[in-house]
Amino acid sequence: MFRKMRLLDYKVNDSITKIQCPFLDRLMVLATYGGTGALIWWIALVLPFMISGTYRRTGIILIIALGFNFLLGEIIIKKTVGRPRPSNLIDEEELKINKPKDHSFPSGHTASSFCAFTVTFWNCPWYFWVPALVAACLISFSRLYLRVHYLSDVLFGIVLGLIDGSIVNLIFQNLIFV
């Protein structure tokens, strides 16, 4: 099974190189930088939610969910698995961003993006979570496009973000904010 997944990872990365163009290069770099450190989620969701009386509770849940997601994905899983990035196999000149120095599995950009989407999905009207979902998908795809992650890194990041966001949300909705 792992062999088949690895082959699919390589095939997807090779296929994505065929769609690269200057417009997508700029868009994907912008998307990836927005997802770095969950920056877009802090600016677009956490800060406005914390200022708002209506969504302050959601802002608190989002802060804790993003923190939990970071701890689990970046500190525990990524350091335990230690998977090298696909960008390690590519010359510096071919990359559109600087080579990340940490490991590949799971995609932290993807995990935090889907964690933020999940919290907004559970707590906000559609006009919050639909744009969050679109941004999460764009950021996730940018990691593949820029060849800093494999498909399996991104897929696991999606699952991790959905689970982390849901667990933290359920804990806070049912136990703490009763």
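Visitor: Is serine 152 buried or exposed?
Guide: This is a predicted model, in which local features need pLDDT of at least 70, side-chain atom pairs count only at pLDDT 80 or more, and totals for chains, interfaces and linings use all residues. Residues are numbered from 1 along each chain as its sequence is written, and side-chain values use heavy atoms, with hydrogens and water left out. Buried means under 20% relative accessible area, exposed over 50% and partly exposed in between, with a 1.4 Å probe and protein chains only. Serine 152 has a relative accessible area of 12%, so this residue is buried.

Visitor: Which residues does serine 152 touch, not counting those up to four places away in sequence?
Guide: Serine 152 is found in helix 7, residues 151-176; helices are DSSP runs of H or I with at least four residues, strands are runs of E with at least two, and both are numbered from the N terminus. Contact means heavy atoms within 4.5 Å. With residues up to four places away in sequence set aside, serine 152 touches Met5, Asp9, Arg83 and Phe105.

Visitor: How many helices and strands does the protein have?
Guide: From the N terminus on, the elements run α-α-α-α-α-α-α. The secondary structure therefore comes to seven helices and zero strands.

Visitor: What is the radius of gyration of the protein?
Guide: The radius of gyration is taken over C-alpha atoms, and the globule rule is 2.2 Å times the number of residues to the power 0.38. For 178 residues, a compact globule would have a value near 16 Å. The protein agrees with this, at 17 Å.

Visitor: Is threonine 32 buried or exposed, and which residues is it in contact with beyond its neighbours within four places in sequence?
Guide: Threonine 32 lies in helix 2, residues 22-35. Its relative accessible area is 1%, so threonine 32 is buried. Leaving aside neighbours within four places in sequence, threonine 32 is in contact with Ile97, His109, Ser142, Arg143 and Leu146.

Visitor: Which residues line the largest cavity?
Guide: On a 1 Å grid over the protein atoms alone, a cavity is a set of points where a 1.4 Å probe fits but cannot get out, and lining residues have an atom within 4 Å of a point. Grid points are joined across faces, edges and corners, and a volume is the space filled by probe spheres set on the points. The count comes to one cavity of 30 Å³ or more, and the largest has a volume of about 40 Å³. The lining consists of Gln20, Glu94, Leu95, Lys96, Tyr145, Leu146 and Arg147.

Visitor: How many aromatic pairs are found, and what is the angle between the planes of phenylalanine 114 and phenylalanine 117?
Guide: Rings of Phe, Tyr and Trp (its six-membered ring) pair if their centres lie within 6.5 Å; planes under 30 degrees apart count as stacked, over 60 as edge-to-face and the rest as tilted. A search of the whole structure finds 13 aromatic pairs. Phenylalanine 114 and phenylalanine 117 form an edge-to-face pair, 6.2 Å centre to centre, with an angle between the planes of 75°.

Visitor: Which helix holds both phenylalanine 114 and phenylalanine 117?
Guide: Phenylalanine 114 is buried at 6% relative accessibility, and phenylalanine 117 is buried at 9%. The two are three residues apart, about one turn of the helix, and both lie in helix 5.

Conventions: 1 Å grid on protein atoms, 1.4 Å probe; cavity = no way out; pocket = protein on both sides within 12 Å on 5 of 7 lines; lining within 4 Å.
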